[in-house]
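Please keep the sequence and the coordinates at hand while reading.

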Amino acid sequence: GCCNPALGTSMPSLLLPDAQPILTALAILALTAACRFGFAVVTRLLGTSKRLLWPAAGAMASLPFVLREPLLAWWGGTYADAQLGSFLAATAFAWCFFRAIERSVGTTPVGAAASLVEWIFYMSADVDPRYRDGKPLRPPPGKLRSQLAKLCATYAATAAFVSAIEPFGFRPTAAVCEACGVSGPLAAALVRVGDNLSGTVLIYLFLSLLLTLGSILVLAQGHDPIDGFDNPVFKSCSPREFWGRRWNLQVNAMLKRSCYKPLAGAGLAAPLATLVTFGASAGFHEYQFALSMPGYRVGTASVFFLGQGLLLVAQSLLEATPLRHLASRAPLPLGVAFNITALSLVPDYFICNWIDLPTPLFGAVARLVPRIMWAA
């Protein structure tokens with residue numbers, strides 16, 4: 001029979017969330033907020049000049065690399081304790097960079113720069129506020145309450161999922177196949193797809209937790225935020241639907257405004273504009289990982305995202321053939337399975353960076369939540 005590779009006859013124990021990385025993250029975010037405020041004021045004064053905004057955006061993006069070592073030495077913590085805060089700060093600094101670029105190319109949402117106060121709010125928001133007719137939208141009744149409930153549900157789901165896969169080194173399919181003695185090309189394919197799926201689900205839960213918290217902060221200030229995700233893992237039937245309409249809609253919207261729309265508006269063909277936009281996404285993740293993942297090998301995130309961009313280009317070419325009718329008629333479970341398999345065709349460097357580095361980010365995620373561990 002197939003034995004359990006992680007549990008065996010061991011006994012469970014409950015590990016509570018670790019306060020140290022949370023406190024360190026709050027300290028890092030306080031400094032980040034001050035930098036974002038100052039950068040918002042500067043970019044408002046610079047107007048829409050590419051000649052001024054682009055160097056300012058580059059200087060802002062380089063600031064974490066300058067500050068990281070001195071601040072960590074002053075704080076006295078470890079890289080592991082600062083990892084969560086570094087990830088959040090890298091994301092926030094990248095938001096400032098992209099929003100400065102979109103202002104320089106004229107794709108900022110109408111109303112976001114209507115006043116200094118509104119521009120500071122927009123530049124400091126972790127989730128885009130919605131605008132209509134040049135004015136910020138107010139949230140519908142009950143939305144703040146529903147987002148608070150979503151935050152609690154996502155936190156509980158993250159804790160449960162971490163408890164389920166952490167004992168397997170965050171690679172449950174590989175661990176089960178090894179314990180059951182399953183090997184060969186079919187097993188390798190199963191491991192590739194299965195562990196990519198479990199890793200994607202955990203990243204989805206973690207990012208959804210962060211974006212929901214960001215949405216609550218926007219709602220608390222009387223603005224209506226965009227949605228963070230639209231069930232990308234279990235509703236997407238193709239790579240284009242996954243990346244273009246469901247996965248991380250915050251990054252999606254930002255990259256469209258700062259990269260895809262200016263390129264398409266300049267006459268670049270849609271497949272090439274898509275590929276360049278995935279290149280911009282690769283650059284964003286290189287930046288994010290270099291700041292928050294000690295031991296990260298530069299270039300691995302780029303291989304993944306450029307590969308995903310090529311998948312979307314291939315899908316565009318296939319949709320110009322009669323095969324498009326087969327995809328549109330496939331039932332949802334078959335479409336979801338096809339999408340998960342298609343996404344796994346690209347080398348899984350993205351998931352590997354969350355799991356296999358000396359200080360894996362999945363470890364930082366696990367420290368955020370209560371989880372069950374099994375010890376002999």
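Leaving aside its neighbours within four places in sequence, which residues is P172 in contact with? In this predicted model, the contacts of P172 beyond those neighbours are I165, D195 and S198. P172 belongs to helix α6, which covers residues 172-179, and it counts as buried because its relative accessibility is 16%, where the cut-off for buried is under 20%. A quite separate figure concerns T108, which is 64 residues from P172 along the chain, with 43 Å between the two C-alpha atoms.

Q147 lies in helix α5, and with a relative accessibility of 13% it counts as buried. When neighbours within four places in sequence are set aside, Q147 is in contact with T212, S215, I216 and L219.

Q288, for its part, is found in helix α11, which spans residues 270-292, and its relative accessibility of 5% places it among buried residues.

A337 has its place in helix α14, and its relative accessible area of 38% makes it partly exposed. Between the C-alpha atoms of A337 and F284, which are 53 residues apart along the chain, the separation is 28 Å.

| Residue pair | Separation along the chain | C-alpha distance |
|---|---|---|
| P172 and T108 | 64 residues | 43 Å |
| A337 and F284 | 53 residues | 28 Å |

Rolling a probe the size of a water molecule over the atoms shows where empty space is left. How many cavities of 30 Å³ or more does the count come to? The count comes to one cavity of 30 Å³ or more, and the volume of the largest cavity is about 230 Å³.

The lining of the largest cavity is made up of 18 residues, and those that lie nearest its centre are N196, T200, F242, F304 and L343. By class, this lining has 12 nonpolar residues, five polar residues and one charged residue. At least two lining residues are supplied by each of the helices α7 (185-220), α8 (232-235), α9 (239-246), α12 (300-318), α14 (332-343) and α15 (349-355). Of the contributors, α7 gives the most to the lining, with four residues.

**Cysteines**

A disulfide is a covalent bond between the sulfur atoms of two cysteines. A search of the whole structure finds zero disulfides. C352 is buried, with a relative accessible area of 18%, whereas C237, at 25% relative accessibility, counts as partly exposed.

**Backbone geometry**

Most residues other than glycine have a negative phi, and most peptide bonds are trans. D133, although it is not a glycine, has a positive phi of about 55°. D133 is placed in the loop between β2 (131-132) and β3 (135-136), and it counts as exposed because its relative accessibility is 76%.

N248 likewise is not a glycine and has a positive phi, of about 35°. N248 lies in the loop between α9 and α10, the latter covering residues 249-265. Is N248 buried or exposed? At 12% relative accessibility, N248 counts as buried.

**Confidence**

Across the chain the mean pLDDT is 91, and 95% of the residues reach 70 or more. Where in the chain is confidence lowest, and where is it highest? Confidence is lowest in helix α13 (residues 324-329), where the mean is 66, and highest in helix α5 (residues 143-165), where it is 97.

Technical notes
Residues numbered from 1 in each chain as written. Predicted model: local features only at pLDDT ≥ 70, side-chain atom pairs only at ≥ 80, totals over all residues. Heavy atoms only, no water. Buried < 20%, exposed > 50% of the residue type's maximum accessible area, 1.4 Å probe, protein only. Contact = heavy atoms within 4.5 Å. 1 Å grid on protein atoms, 1.4 Å probe; cavity = no way out; pocket = protein on both sides within 12 Å on 5 of 7 lines; lining within 4 Å. Points joined across faces, edges and corners; volume = space filled by probe spheres on them. Nonpolar A, V, L, I, M, F, W, Y, C, P; charged D, E, K, R; others polar. Disulfide = S-S within 2.5 Å. pLDDT = per-residue confidence, 0-100.
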